[in-house]
Amino acid sequence: MQNQRTTTEWRELDAAHHLHPFTDTNSLNQQGARVITKAEGIYLYDSEGNKILDGMAGLWCVNIGYGRKDLPEVAKQQMEQLAYYNTFFKTTHPAVVELSHLLSEVAPEGFKHVFYTNSGSESVDTMIRMVRRYWDVKGKKDKKTLIGRWNGYHGSTIGGASLGGMTYMHEQGDLPIPGIVHVEQPWWYKHGKDMTPEEFGLAAAKWVEDKILEVGADKVAAFVGEPIQGAGGVIVPPSTYWPEIQRICQKYDILLVADEVICGFGRTGEWFGQQVFGFKPDIFTTAKGLSSGYQPIGAVFVNDKVATTLAAGGDFNHGFTYSGHPVAAAVAHANVKALRDEGIVDRVKNDTGPYMQKRWREVFSQFEHVDDVRGVGLIQAFTLVKNKATRELFPDFGEIGTMCRDIFFKNNLIMRACGDHIVSAPPLVISKEEIDQMLETAAKCMVEFEKQLKERGLV
Ligand SMILES: *Cc1c(COP(=O)(O)O)cnc(C)c1O
């Protein structure tokens, strides 16, 4: 399919027939989409021959890097052997059994069971149904409300978008659905005022306690959060936050859920984000890095307490035609095994992650309009600010971020703007030399960016 048409033809056909996710269709079609034709390692190539450094691993998902030869081989063999069968009615298959076994080995202690989905959104929706079913089986039918966070991202289905705290998503289609409430995110830079980050972590956890008391503990089923908020701008909470959240959930007998869709499978240098912050959820949702994007698959991990209770309830009336799809399961298995056995996750923890974090801070801290330079492992960010001394943000949050992101894009470096947070999460196979290259380009872009800020009279 690579060479059959010209770039112009692809753009025209794309504009004619393809509705893009999270996109202003008319403005995209005026510009025309960039056509990505192949990828290798950490690089993408477009139809015009540009080589682009993917500082976002696709959508935070291609942990193992592009262009692996073993994963397509596994997919082909599995497709020939058993292209599809379901696991609904007293059947299973080797691919899903092997994956489940492997996942129980890499998961934190106490997580021996997984439920399969095809995406992060489906993992989140599955979790919502599980949490409510859990309390149902316990005889506490009123414990239904889930607490999420403003600016959290939990996907795009009705459940996921409701639980997420993106107001621009809520505005379209009457969300959130009933039984979902939100608290403020643990963003010290904006909300921390004169508190130390540690004091602020406790204060932000207290918002969760306040919300529990407002709704009534007998009505609250679970608190759900990303260990590090991803699409909300890589908000790394203070060290005090998660342990205090854990304490509060235990105190009020509320399930604690981590959405590990981005943090999972080595992104932070640990296998899961909960291990960075030292807390133990009851359930955690995954997708993205589980297959490094080579196949669509997600998994919901449940601890023994939840697994036992769900089992005691008999039928759980939930599942997808493609839950535990053989091809996706086989590919995910090969991917997770490689992340482990090739030492890719270890390298992020001990080598490339610390290196990225050190260099990232060195490079960006020197800019006048960059502050809160932060990150863990291979997920990092900084915030574009009007005035560092007073922690003043730009008035139209997001406008400046987009301007900055476009400069990176023009220079064949993909980083993402979440509001005025510039974020990055490259494939975990990135080398130190590639990190240097990436940051060298990024620094040049930032010089250009600050020049434009001044020229346009924005500072
Ligand atoms: C991407 C993401 C999702 C949704 O995953 P999809 O595969 O896009 O449905 C859910 N939660 C978090 C934390 C995510 O980053």
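# Strands and domains in a predicted model

Visitor: How many bridges join E12 to E16?
Guide: This model is predicted. E12 and E16 run antiparallel. In this pairing, Phe382 stands opposite Ile422 of E16. The number of bridges joining E12 to E16 is four.

Visitor: Which residue in E12 is the bridge partner of Arg374?
Guide: Start with the strands: E11 covers residues 370-376, and E12 covers residues 379-387. They pair in the antiparallel sense over five bridges. Val370 stands opposite Leu384 in E12. For Arg374, the bridge partner in E12 is Ala381.

Visitor: Which residue takes a positive phi in the hairpin of E11 and E12?
Guide: This hairpin has two residues between its strands. A phi near 60° marks the residue asked for. It is Gly377.

Visitor: Which residue in E13 is the bridge partner of Val385?
Guide: E13 spans residues 392-393 and is joined to E12 by two bridges, running antiparallel. E12 and E13 form a hairpin with four residues between them, and Arg391 in the turn has a positive phi of about 55°. The partner of Val385 in E13 is Leu393.

Visitor: Why is E12 largely enclosed by the rest of the structure?
Guide: A residue is buried when its relative accessible area is under 20%. E11 has six of its seven residues buried, so E11 is largely enclosed. E12 is largely enclosed too, because its buried residues number seven of the nine.

Visitor: What distance separates the centres of domain 1 and domain 2?
Guide: Domain 1 takes in 34-67 + 343-455, while domain 2 is 70-341. The contact draws 37 residues from domain 1 and 35 residues from domain 2. Taken over C-alpha atoms, the centres are separated by 26 Å.

Visitor: Which three residues supply 25% of the area that domain 1 buries against domain 2?
Guide: About 2,800 Å² is buried between the domains, and carbon and sulfur atoms give 61% of it. No other three residues of domain 1 supply more of its share. The trio is Trp60, Val345 and Arg391.

Visitor: Which side chain meets Lys349 in a salt bridge?
Guide: The count between domain 1 and domain 2 is one salt bridge. Lys349 meets its partner at 2.8 Å, N to O. That partner is Glu270.

Visitor: Which element gives the most to the side of domain 1 that touches domain 2?
Guide: Between the domains, 19 residue pairs are in polar contact. Elements that each supply at least two residues of this side of domain 1 include helix H15 (344-365), E11, E12 and strand E16 (421-424). With five residues, the top contributor is E11.

Terms used:
Residues numbered from 1 in each chain as written. Predicted model: local features only at pLDDT ≥ 70, side-chain atom pairs only at ≥ 80, totals over all residues. Heavy atoms only, no water. Buried < 20%, exposed > 50% of the residue type's maximum accessible area, 1.4 Å probe, protein only. Pairing = 2+ DSSP bridges. Domains from an automatic or database assignment. Contact = heavy atoms within 4.5 Å. Buried area = accessible area lost by both parts, 1.4 Å probe. Salt bridge = Lys/Arg side-chain N within 4 Å of Asp/Glu carboxyl O. Polar contact = N/O pair within 3.5 Å; in protein donor to acceptor, adjacent residues only side chain to side chain.
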